[in-house]
Amino acid sequence: MPTVASMDPRLDTTPGPSAPDGDGGHRPVLLHPLIESLQPRPGQIAVDGTLGGGGVTAALVERVLPGGRVIAIDRDPAAVARGRERFADHGDAVTVVHGDFADISPILREAGVDAVDLVTLDLGVSSLQLDAPGRGFSFRFDGPLDMRMDTSSGDPTAADLVNTWSEADLQRLIRDFGEERFARGVAAAIVRERAKQPITTTAQLRELVERAIPRRYWPRRIHPATRTFQALRIEVNHELDSLERGLQAAITELRPGGRLGVIAFHSLEDILVKNALHVAAQNCVCPPQQPICTCAHRASLFLLTRKAIKADPAEIAANPRARSARLRVAEKL
Ligand SMILES: C[S@@+](CC[C@H](N)C(=O)[O-])C[C@H]1O[C@@H](n2cnc3c(N)ncnc32)[C@H](O)[C@@H]1O
């Protein structure tokens with residue numbers, strides 16, 4: 001298994017003095033390799049598309065100031081409010097925006113920025129979101145089955161999905177976005193439960209999933225409800241669609257020599273990131289059997305990480321969330 005130690009030798013991994021630990025209640029994962037591979041410098045313009053607890057933003061601010069600027073985006077109003085307070089002292093050098101990183105381009109135009117040097121995306125949810133029972137992201141606490149990152153949006157919640165979708169659609173969702181082999185049984189259990197009473201809490205969903213998956217097939221390292229919760233979260237937040245659009249927008253907005261660093265936490269995200277970066281790094285995307293190139297596609301990126309960077313055992317021991325993290329870094333040509 002490749003670890004941080006086996007990454008591109010240009011990317012120094014020695015822990016730096018200013019790598020924050022447990023920032024804002026969320027401990028950023030792979031922070032040091034991310035910062036070392038982006039090499040932020042004073043005067044640069046950086047976008048942190050996933051502000052969260054602000055750990056990555058803080059590391060960027062520390063390095064691009066003086067003279068530079070950081071635009072930090074989050075779709076979670078609570079993260080934005082915390083970020084605005086935390087970075088208020090930096091005035092116009094730090095702009096905290098409530099929005100979806102898929103909309104990086106209009107967000108940058110609004111901020112008066114025409115191109116950027118660095119973009120970071122640290123995907124998924126933060127510990128602050130996971131640990132808030134009222135947000136409904138975690139089966140570890142009982143709470144309303146919400147799961148919206150943007151609580152100000154009128155988008156359907158996870159409860160809306162489980163109570164209204166057809167059994168076939170739920171099965172497809174749990175299979176495709178949760179990679180759950182018992183998707184059929186879980187979907188059937190959801191439909192049975194909601195015929196008795198609406199499913200409104202995380203505990204209700206967790207318990208029915210526990211019953212739907214035979215105990216001898218429970219995964220060893222994760223709770224049996226993990227995959228179902230993941231599937232619902234991805235759908236509720238349109239995560240893969242945002243990621244696809246956000247990656248293309250980030251590539252467009254980078255100036256030549258600018259760098260993009262993306263940290264994924266599950267295989268669907270990582271495959272999407274890997275494919276998008278690999279396609280952007282190719283000069284031709286015609287089917288291999290086609291003798292002559294007709295696509296006119298030209299590489300816009302150089303991959304700085306051929307293989308994803310993973311957390312080393314020490315980071316995983318200190319922070320189990322790091323176990324599934326994959327960092328990929330590319331440079332705009
Ligand atoms: C893993 S956390 C980021 C942690 C952050 N790097 C830190 O150091 O604290 C992911 C954050 O990104 C936000 N997020 C996820 N998808 C988003 C999207 N499409 N647009 C904007 N924010 C998003 C989530 O609300 C969450 O706060």
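Which helix and strands are included in what covers the buried residues of H1? Helix H2 (55-64) and strands S4 (116-122), S5 (254-264) and S7 (326-332) are among them.

This is a predicted model, in which local features need pLDDT of at least 70 and side-chain atom pairs count only at pLDDT 80 or more, while totals for chains, interfaces and linings use all residues. Residues are numbered from 1 along each chain as its sequence is written, and side-chain values use heavy atoms, with hydrogens and water left out.

**View 1. The protein chain as a whole.** The protein chain has 13 helices and seven strands; helices (H or I, at least four residues) and strands (E, at least two) are DSSP runs, numbered from the N terminus. Its radius of gyration is 21 Å, close to the 20 Å from the globule rule for 333 residues, so the protein chain is as compact as a globular protein of that length. The radius is taken over C-alpha atoms, and the rule is 2.2 Å times the number of residues to the power 0.38. Along the principal axes, the C-alpha atoms fill a box of roughly 60 × 60 × 40 Å. Of the 333 residues, 52% count as buried (under 20% relative accessible area, 1.4 Å probe, protein chains only). Among contacts (heavy atoms within 4.5 Å) with a separation of 6 or more, 68% come from residues 24 or more positions apart.

View 2. The buried residues are Leu-31, His-32, Pro-33, Leu-34, Ile-35, Ser-37 and Leu-38. Just after H1, Gln-39 takes a positive phi of about 50 degrees.

**View 3. Packing of H7 against H8.** Helix H7 (residues 167-178) packs on helix H8 (residues 183-196) at an angle of about 135 degrees, with their axes 8 Å apart. Axes are lines fitted to C-alpha atoms over the stretch in contact, and angles run from 0 to 180 degrees between N-to-C directions. On the H7 side, the contact is made by Glu-167, Leu-170, Gln-171, Ile-174 and Arg-175. Residues of H8 in the contact include Ala-183, Val-186, Ile-190 and Arg-194.

**View 4. The loop residue His-266.** His-266 lies in the loop between S5 and helix H12 (267-280). This residue is buried, with a relative accessible area of 12%. Leaving aside neighbours within four places in sequence, His-266 is in contact with Gln-230, Arg-233 and Ile-234.

Note on methods: Buried means under 20% relative accessible area, exposed over 50%, partly exposed in between (1.4 Å probe, protein chains only).
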